[in-house]
Amino acid sequence: MSLDFDDPGATVAFTLNGEAIALRAAPQMRLSEALRELAGARDVKVGCNAGDCGACTVLLDGAPVCACTTALGRCEGAEIETVAGLTARDPQAQALADAFLRHGAAQCGICTPGAMVSAVALLRETPRPSEREVSDALGGVLCRCTGYRKIVEAVMDAQPGAAVFEGGVGASVARLDGRAKVTGAEIFGDDAAPGDALVLRAVRSPHPHASFAFGDLEGWRAAHPGVVAVLTAADVPGLNRFGVIPGFIDQPVLAEGEARFEGEAVAAVVGEAASMAALDLGGFPVAWTPLSAATDIDAARAAPPLHPERPGNAMCRGHVARGDAEAALAAASVVVEGRIETGFVEHAYIEPEAAWARRVGGRVEVTCCTQAPMMNRDGLAAILGLPPDSVRVIPTAVGGGFGSKLDLTAQPLVALAAWALRRPVRMTFTRPESMRVSTKRHPARIALRVGADAEGRLTGLAFDAEFNTGAYASWGPTVANRVPVHASGPYVVPNYRADTEAVHSHCPPSGAFRGFGVPQAAAALEPALDALAERLGMDRLAFRQLNALRDGLPTVTGQVFESGVGAAACLDALAPHWTRALAEAEVLNAGRGATGAPLRRGVGVASGWYGCGNTSIPNPSTIRAGLKGDGRVALHQGAVDIGQGANTVIAQIFAQALGAPLSAVDLIGADTDLTPDAGKTSASRQTFVTGEAARRAGAALRAALLRLGNVSDAAEIVLEGGAVRLVEGGALRQLDLAALPVDQDGYLLQVAETYDPPTGPLDADGQGRPYAQFGYAAQIVELDVDLALGRVHPVKVTAAHDVGRAINPVLVEGQIQGGVMQGLGMALMEEFVPGRTDNLHDYLIPTFGDAPPIETLIVEVPDPHGPYGAKGLGEHALIPTAPAALCAIRHATGAELRRLPATPERVLAAIRAAGG
């Protein structure tokens, strides 16, 4: 009997992972929703609900389909397989899961179920696929973390073979949380809420700038059965503001009378799940009065201030000066001007923001995807008018962050509702909602002048940048102050001036995004360095090698590092690849020119550097550990793993310092009730800062154990079989754990160690010690440009990165490859236009087919402060990519790109402007 698709209570029967089930629901319900909410298959992840991201891919009678665009009724009598069922029952899927773990192909893990399911369908048809076949078969799955290369490698190596989960510093240990990612068992923000939770939806401004007034809210609520409450700014019991930087906590939880960007929340509607799913907010009683909107920097400067205390909409300024830049430029043998404009860039993490909250007596607990649990806790406490210890934040797995999930998003709304209503409340952003309201990479307008002497040494640099920081501060002050420190690149510049200004506009807030403004600055500087080298008749790589920062030489803030400066080492590592790439390009271009082919090969190189952690302010992390009665060790570490591998790397560092196997350590992840403050996951700080705290905690616990056993530091600690044995010189001593007292946390021994990197304040000219260390990078981009169409095709990227010490080499490679692909996206295709590109169909990010081979060169120049010499990495991975791509386009065509991204029409216009 055929289904009646108009019957809201039809029964749809099918087989799910080998078991017959029947769901009573409307046949037109999305299969993804039916599987997750009715069948409990939370391994099916949802990223877009539009068939754009592929995270929800399942097998329907053996064929991969997007569950979010498949009607439940279509599955009547069908067989459906999800990643959980496949990895539980299918040896081929199990082998694939092992390969994903070996290759580090799952980073944050939100896209992994879709990639795994798509790969299984391919492998059933083609057991030994080519790289092209893998890319084609998985082309409908978007990944924002891995850069795709690790996934391709894993699918091509889908053979049985266990991953390694043991090893200390320097070992490519598989992610300790990796198994949950590849089986779909990982719990992300939208997976955690209880089934009986109320659902919250926000009423948002349809205008970039408007005043508004509410009508009869209570009457509207009463007229809509199932709607429990409507909340406005008047219902916020504490501070109706949130933010992250003192003096710039300016964004309202719910706007009061005026909305300053399209998508700003003005009210929250809370109700029963079924009612909220069917609710049309189009009739919500709010009257809008559109006002003039300033959406670019020039218009914003002339507009009335968005915030009265910031005249001219100038949020803040940054400044660094050393020597006399103007005099140096006047005396230089060669001076080049550089300019670049960049637009908004969207984080485009595949997991939309999600949170749920409940009230527990006089406390509120918020479970959410976040990069900064302690900061979230303190912000929520202020909003609710509670002391911080009355708020608990429990992070879920984070399906990509890159900076935007530092800010409060859904958390204040669900916390407010749960506190007021005394019922669990959940909220998950839709994809358009996420892209309209989440923070963006700052649009920038940069102009610089850089000079060199006749021998090719840089003599002076003058740098000016304006940033569109949007309606509210977010991390704008950090960008404005970090960029002047970094705008010189990792080069010696004796005379320097850099000034930045962040300007408010009626746009979504700009905030933290992998690099905090440094990628934009590098995109302006590096092409100018190419022009300097060419005018001096120097090789472009050699020019950079000559000017590279080295040990003992001052940075533009006057900071001198006696060791650990890896800028030159990265450039040196590229030298043979540079020679090869240039030679190949010359041969290719000569052949293409002879045939009249419009393709030209270009080769570009660029450097990057990035200071780890906060700029010139405290940046501590604390790690706690305890010996349990069963002889195992609990590691309380609050560093949120957003895919970069903190859970694994920090545990490796701790185990190495303890002198015990990694398998003896039980990880207790971030939870503001259970873990001390490890600081936010941002600014490439966790491996360096929290890693050093972990090293100290491991060493402290080791020392305590050795004291108990009255043995020397040379003794070996053996933790196995519920016992602690100390071995020294052939003698064995076993600790009597039963005789040791148990502390208030249930531990026999407990340690806590904090590390705060040594930094210092900057003076009025930005001179001082802003960071304890920098990480360094250099990359070569090889690409083809179609002179007739302006299309750019990346051919290869070679990335040399100084990480100090590679704690886990396979995770290092994954971070670099993912950063490279984000950098290529910024260079060639990504530009968010408010109101127009709020989905993953119109906003383009790189796909499997866009990912060129990426050769990773791990450089290790140890840092004296880092754990075992390690430095940060996450931010550095994309900083040189877009600049190197611009330099490669210039090399191929002579064209100067003044606007990113380098879309075909812009490339073609630049070629024509250059006379090509």
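This tour moves through a predicted model one selection at a time.

**Before you start**

Residues are numbered from 1 along each chain as its sequence is written. In this predicted model, local features need pLDDT of at least 70, side-chain atom pairs count only at pLDDT 80 or more, and totals for chains, interfaces and linings use all residues, while side-chain values use heavy atoms, with hydrogens and water left out.

**Stop 1**

Select residues 518-536, helix α16, and residues 540-547, helix α17. Helices here are DSSP runs (H or I, at least four residues), strands are runs of E of at least two, and both are numbered from the N terminus. The two axes come within 9 Å and cross at roughly 105°. That makes α16 roughly perpendicular to α17. Axes are lines fitted to C-alpha atoms, for helices over the stretch in contact, and angles run from 0 to 180 degrees between N-to-C directions. Angles under 35 degrees count as roughly parallel, over 145 as roughly antiparallel, 65 to 115 as roughly perpendicular and the rest as oblique.

Now show the side chains at the contact (heavy atoms within 4.5 Å). From α16, pick Glu526, Leu529, Asp530, Leu532, Ala533, Glu534 and Leu536. From α17, pick Arg540, Phe543 and Arg544. By class, this contact of α16 with α17 holds five nonpolar, no polar and five charged residues. Ala, Val, Leu, Ile, Met, Phe, Trp, Tyr, Cys and Pro count as nonpolar, Asp, Glu, Lys and Arg as charged, and the others, Gly among them, as polar.

**Stop 2: salt bridges**

Arginine 540 and aspartate 530 form a salt bridge through their side chains, at 3.2 Å from N to O. A salt bridge is a side-chain nitrogen of Lys or Arg within 4 Å of a carboxyl oxygen of Asp or Glu. This pair links distant parts of the chain: arginine 540 sits in helix α17 and aspartate 530 in helix α16, ten residues apart. Are arginine 540 and aspartate 530 buried or exposed? Both are buried. Buried means under 20% relative accessible area, exposed over 50%, and partly exposed in between (1.4 Å probe, protein chains only).

Next, select lysine 628 and aspartate 666. Their side chains meet in a salt bridge of 2.6 Å, N to O. The pair links distant parts of the chain, 38 residues apart. Lysine 628 is in the loop between β24 (621-627) and β25 (633-636), and aspartate 666 is in strand β26 (residues 665-668). Lysine 628 is partly exposed, at 22% relative accessible area. Aspartate 666 is also partly exposed, at 22%.

Go to glutamate 896 and arginine 890. Their closest N and O atoms are 2.8 Å apart, in another salt bridge. Glutamate 896 is partly exposed at 32%, whereas arginine 890 is buried at 13%.

Then select Arg36, Glu37, Arg42, Lys45, Asp190, Asp191 and Arg426, which are linked in a network of salt bridges. How many salt bridges does a search of the whole structure find? It finds 58.

**Stop 3: aromatic rings**

The structure holds eleven aromatic pairs. Select tryptophan 609 and phenylalanine 774: the ring centres are 4.3 Å apart and the planes lie at 15°, so the pair is stacked. Rings of Phe, Tyr and Trp (its six-membered ring) pair if their centres lie within 6.5 Å; planes under 30 degrees apart count as stacked, over 60 as edge-to-face and the rest as tilted. Tryptophan 609 is in strand β23 (residues 599-611) and phenylalanine 774 in strand β31 (residues 774-786), so the pair ties together parts 165 residues apart in sequence. Tryptophan 609 is buried at 1%, and phenylalanine 774 is buried at 2%.

Compare phenylalanine 688 and tyrosine 755. Here the centres are 6.1 Å apart and the planes at 90°, so the pair is edge-to-face. Phenylalanine 688 lies in helix α20 (residues 686-709) and tyrosine 755 in strand β30 (residues 749-755), so the pair ties together parts 67 residues apart in sequence. Phenylalanine 688 is buried at 0%. Tyrosine 755 is buried at 4%.

Finish this stop with Phe212, Phe214, Trp220, Phe284 and Trp288, which form one aromatic cluster.

**Stop 4: asparagine 481**

Select asparagine 481 in helix α15 (residues 476-486). Asparagine 481 is partly exposed, at 36%. Leaving aside residues up to four places away in sequence, asparagine 481 touches Arg317 and Gly318.
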